[in-house]
Amino acid sequence: MSTAGRALNGRCEIYYDAFGDPANPTLLLVNGLGSQCINYPDEWCEMFAAHGLQVVRYDNRDMGLSSKFDDAPVDDQGAAYRVADMVADGIAVLDALGVEKAHVMGLSMGGMIVQNMAILYPQRLLTLTSVMSSTGEPEYRKSTRRAAELLTAPSATTREGVVQESIEGLREWGSPEFADEARWRAAAEKAYDRSFSPDGTARQYMAIMASGSWADQLPNVTAPTLVIHGDKDTLIDQIGGRRTAELIPGARFELIEGMGHDYPPQLWRRWTDLVVGHIQSCS
């Protein structure tokens, strides 16, 4: 069971769900590019909550049930906002819940957001986990040609087209051993029916590009850090994760064999154990 709520960052409204006892330490889950909070399925959130955590997932701005920026002006780099604004959205969620400090985990673009959260709001973090992500440095954001083409291609406009587009992407960057097109289809249909925002995805992408690199600030991160990456990731090569761990003092790097740029249920147990072990080791 989860409890839904909304947080405000200025006029930006952020939708969130909370699982578990609010008296427990909080684990804030941050999504990747173009993905909604339901990409962290209920069952996985409950696995984390079973370890004595309040688990909070939320829709980034321009996605899901959070505010859209369709009419927002853009700057000289074509961006309506930056990664720092998305960081502030996550902090607003913590504020709405009355959480002073939290454990945070972000995937892909979410990893970029939580890294910047550790830079901009160090007093709000108990631990940091960055997964399948990078540092904003172009040379450490390596993709296969096919993955890059699929990521930047114009979005389909029909429900079936969007579903097929998602399946095609996961064929390229998903975890090969755990490929399951029926599961991919069900997840894509659920996401489409909840909210379809291709322009929001494009604006999030521009926010990443306009934010540049924050590598020179990562050596100042004080939050105990775990970096996770898959060895089959073709969208953001593992060099992105290794570079992140190299720059953050004391960071631990964990490579998950067989994992691509997704999170199949077969890997949830190992992943949960890694993150919970990290949290417990820092308590």
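The structure holds 9 aromatic pairs. The rings of W44 and F48 form a tilted pair, because their planes stand at 40 degrees, with ring centres 5.8 Å apart. The model is a predicted one.

Both residues belong to helix α1, which spans residues 42-49. W44 and F48 are 4 residues apart there, so about one helical turn separates them. W44 is buried, with a relative accessible area of 1%. F48 is buried too, at 0%.

Now turn to Y263 and W271. Their ring centres lie 5.9 Å apart. Their planes meet at 85 degrees, so this pair is edge-to-face; the cut-off for that class is over 60. Y263 and W271 are both buried.

These two pairs belong to one picture. Y40, W44, F48, Y263, W268 and W271 form one aromatic cluster.

Next comes the helix packing. Helix α9 covers residues 268-281. The axes of α1 and α9 come within 10 Å. They cross at roughly 35 degrees, and the crossing is right-handed. On the α1 side, the contact uses E43, W44, M47 and F48. On the α9 side, it uses W268, R269, W271, T272, V275 and V276. By class, the contact of α1 with α9 has 7 nonpolar, 1 polar and 2 charged residues.

The charged end of R61 sits over the ring of Y81. The distance to the ring centre is 5.0 Å.

How values were computed: Residues are numbered from 1 along each chain as its sequence is written. This is a predicted model: local features need pLDDT of at least 70, side-chain atom pairs count only at pLDDT 80 or more; totals for chains, interfaces and linings use all residues. Side-chain values use heavy atoms; hydrogens and water are left out. Rings of Phe, Tyr and Trp (its six-membered ring) pair if their centres lie within 6.5 Å; planes under 30 degrees apart count as stacked, over 60 as edge-to-face and the rest as tilted. Helices (H or I, at least four residues) and strands (E, at least two) are DSSP runs, numbered from the N terminus. Buried means under 20% relative accessible area, exposed over 50%, partly exposed in between (1.4 Å probe, protein chains only). A charge sits over a ring if NZ of Lys or CZ of Arg is within 6 Å of the ring centre and within 35 degrees of the ring normal. Axes are lines fitted to C-alpha atoms, for helices over the stretch in contact, and angles run from 0 to 180 degrees between N-to-C directions. A crossing is left-handed if the near helix is turned anticlockwise from the far one by less than a right angle, and right-handed if clockwise. Contact means heavy atoms within 4.5 Å. Ala, Val, Leu, Ile, Met, Phe, Trp, Tyr, Cys and Pro count as nonpolar, Asp, Glu, Lys and Arg as charged, and the others, Gly among them, as polar.
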